[in-house]
Amino acid sequence: MIGRNWFRRRTRSEEVAVASLFSGDETRAPSHQNAIDAIPGWNCHFPVELGLTAGRLPAFDDPRITWCIERYGDLTGRRVLELGPLEGAHTYMLAKAGAHIHAVEANRLAFLKCLVTREVLDFPDTRFYLGDFVQWLEQAGPRYDLVVASGVLYHMREPLRLLRALSERADAIYLWTVMVDDDQLPHTFTQKFENLDVRLYARGYGDRSVAFCGGAMDFPNWMHRDDILAVLAALGYDDVTVLNDIIGTAGNVLPTFSVFARRSASVG
């Protein structure tokens with residue numbers, strides 16, 4: 001979930017492509033483009049030097065992920081969990097930086113695109129898993145050096161559950177998210193978290209297309225910028241850096257920001 005609100009109606013050709021995804025044979029000579037064409041609705045375009053046609057987002061050289069890596073430091077041999085890899089573009093950047101990656105994606109088409117991306121770019125030390133990443137975080141499993149959650153928090157119906165779950169598995173996290181920064185905007189309800197009263201703002205998606213980048217459930221709950229930072233502090237993240245959105249806002253209308261948070265006791 002890289003985080004674009006491009007919600008358009010699915011075209012008839014896309015409907016046919018999804019319905020026939022696992023039927024028929026490819027009659028062209030083998031190529032990576034054939035694999036890309038087999039799955040409709042791509043959002044990201046591959047590195048231009050490959051000469052492949054997919055989506056439009058330049059996510060394989062995303063300054064947000066570059067900033068995240070710079071904030072963390074050397075990722076060589078580090079265990080990284082990526083939530084919602086979408087099409088594997090950010091995964092590729094993390095793998096190039098030397099990380100060992102688990103990436104969990106709930107959308108079936110997006111999961112298949114991740115597998116195609118790994119095949120096209122041949123990046124190592126990465127496993128993609130299909131399923132709900134909150135359940136992945138809440139079940140017994142390894143600790144991670146870093147969790148990367150770009151474009152997922154604002155798609156969650158229970159964002160506080162996600163933040164608590166990921167805090168229990170990693171001492172360093174990166175978030176990029178849409179948030180609320182208007183103190184005058186009425187919130188839908190308040191939820192208690194530790195000693196905080198956290199404001200939550202219910203939002204709907206509208207039309208879903210085959211390229212849909214959102215969550216599995218409609219009406220996710222957005223969080224206020226100040227509340228996100230307060231929750232991270234309550235979870236023990238005392239080394240927090242905020243970067244205002246450096247690539248424009250989602251859909252050019254929504255406030256977004258990047259947050260790198262670390263428990264300082266974990267450094268070194």
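Guide: A charge sits over a ring if NZ of Lys or CZ of Arg is within 6 Å of the ring centre and within 35 degrees of the ring normal. This is a predicted model, in which local features need pLDDT of at least 70 and side-chain atom pairs count only at pLDDT 80 or more, while totals for chains, interfaces and linings use all residues. Residues are numbered from 1 along each chain as its sequence is written, and side-chain values use heavy atoms, leaving out hydrogens and water.

Let's start with the charges. Lysine 113 lies over the face of tryptophan 42, 5.8 Å from the ring centre. Arginine 263 places its charged end over the ring of tyrosine 237, at 4.3 Å from its centre.

Now the ring pairs: there are nine aromatic pairs (Phe, Tyr and Trp rings, the six-membered one for Trp, with centres within 6.5 Å; stacked under 30 degrees between planes, edge-to-face over 60, tilted for the rest). Tryptophan 42 and phenylalanine 46 make a tilted one, with 5.6 Å from centre to centre and 50 degrees between the planes. Both tryptophan 42 and phenylalanine 46 are buried (under 20% relative accessible area, with a 1.4 Å probe and protein chains only). Through ring pairs, Trp42 and Phe46 belong to a cluster with Phe60, Tyr92, Phe123 and Phe128.

Elsewhere, tyrosine 154 and tryptophan 176 have ring centres 6.4 Å apart and planes at 80 degrees, so this pair is edge-to-face. It links distant parts of the chain, 22 residues apart: tyrosine 154 is in the loop between strand E4 (146–150) and helix H7 (159–167), and tryptophan 176 is in strand E5 (residues 172–178). Helices (H or I, at least four residues) and strands (E, at least two) are DSSP runs numbered from the N terminus. Tyrosine 154 and tryptophan 176 are both buried.

Strand E2 (residues 100–105) runs parallel to E3, joined by five bridges, and histidine 102 stands opposite arginine 127 in E3.

Note on methods:
Buried means under 20% relative accessible area, exposed over 50%, partly exposed in between (1.4 Å probe, protein chains only). Two strands pair if DSSP finds at least two bridges between them.
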